[in-house]
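Morning, everyone. Please look at the screen.

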Amino acid sequence: MIVALNGSEDYMVESPFTPEQAKSKNGKEDVLSEIYKDKWGIHKSYFTSI
């Protein structure tokens, strides 16, 4: 779920897990992504289970 986006009135936007996010969610490993571009912009992300 994307809670909020800069420059947009949209909030609580559903966003499916990437395979990397799913690995982290299952508690198997922390994941540091490559730099990537999607419809939200350009990112480098770190995923960890909390």
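By class, the lining of the largest pocket has eight nonpolar residues, five polar and one charged. On the classes: Ala, Val, Leu, Ile, Met, Phe, Trp, Tyr, Cys and Pro count as nonpolar, Asp, Glu, Lys and Arg as charged, and the others, Gly among them, as polar.

A word on where this comes from. This is a predicted model, where local features need pLDDT of at least 70, side-chain atom pairs count only at pLDDT 80 or more, and totals for chains, interfaces and linings use all residues. Residues are numbered from 1 along each chain as its sequence is written, and side-chain values use heavy atoms, with hydrogens and water left out.

Back to the pocket. The space in the largest pocket is about 400 Å³. Its lining has 14 residues, and the closest to the centre are Ile2, Ser15, Gln21, Tyr36 and Trp40. What do I mean by a pocket? On a 1 Å grid over the protein atoms alone, where a 1.4 Å probe fits, a pocket is an open set of points with protein on both sides within 12 Å along at least five of seven lines; lining residues have an atom within 4 Å of a point. Grid points are joined across faces, edges and corners, and the volume is the space filled by probe spheres set on the points. Why use a probe? Rolling a probe the size of a water molecule over the atoms shows where empty space is left.

Now the overall layout. The protein has one helix and six strands. From the N terminus on, the order is β-β-α-β-β-β-β. These are DSSP runs, numbered from the N terminus: helices are H or I with at least four residues, strands are E with at least two. Along the principal axes, the C-alpha atoms fill a box of roughly 35 × 20 × 15 Å.

How much of the protein is buried? Of the 50 residues, 10% are buried. Buried means under 20% relative accessible area, exposed means over 50%, and partly exposed is in between, with a 1.4 Å probe and protein chains only. The protein exposes about 4,500 Å², and carbon and sulfur atoms supply 53% of that. Those areas come from the Shrake-Rupley method with a 1.4 Å probe; for residues, only the protein chains shown count as cover.

Next, some buried residues. Ser24 sits in helix 1, residues 19–25. Ser24 counts as buried because its relative accessibility is 2%. A polar atom of the Ser24 side chain lies 3.0 Å from the backbone nitrogen of Thr48. Beyond its neighbours within four places in sequence, Ser24 is in contact with Glu29, Phe47, Thr48 and Ser49. Contact here means heavy atoms within 4.5 Å.

Move to Val31, in strand 3, residues 31–32. Val31 is buried too, at 8% relative accessibility. Setting aside residues up to four places away, Val31 touches Glu20, Lys23, Ser45, Tyr46 and Phe47. Take Ser45 from that list: 14 residues along the chain from Val31, with 8.1 Å between the C-alpha atoms.

So where is Ser45? Ser45 lies in the loop between strand 5 (41–43) and strand 6 (46–47). Is Ser45 buried or exposed? Ser45 is buried, because its relative accessible area is 15%. The side chains of Ser45 and Tyr36 are joined by a polar contact of 2.7 Å. A polar contact is a pair of N or O atoms within 3.5 Å; within protein, one must be able to donate a hydrogen and the other to accept it, and residues adjacent in sequence count only if both atoms are side-chain atoms. Residues up to four places away not counted, Ser45 touches Val31, Leu32, Ser33 and Tyr36.

Now the exposed side. Asn6 is in the loop between strand 1 (2–4) and strand 2 (11–13). Asn6 is exposed, with a relative accessible area of 84%.

Val3, in strand 1, is exposed at 55% relative accessible area. Not counting residues up to four places away, Val3 touches Tyr11 and Met12.

Last one: Phe17, in the loop between strand 2 and helix 1. Phe17 is exposed, at 53%. Aside from neighbours within four places, Phe17 is in contact with Ala22 and Lys25.

That's my tour.
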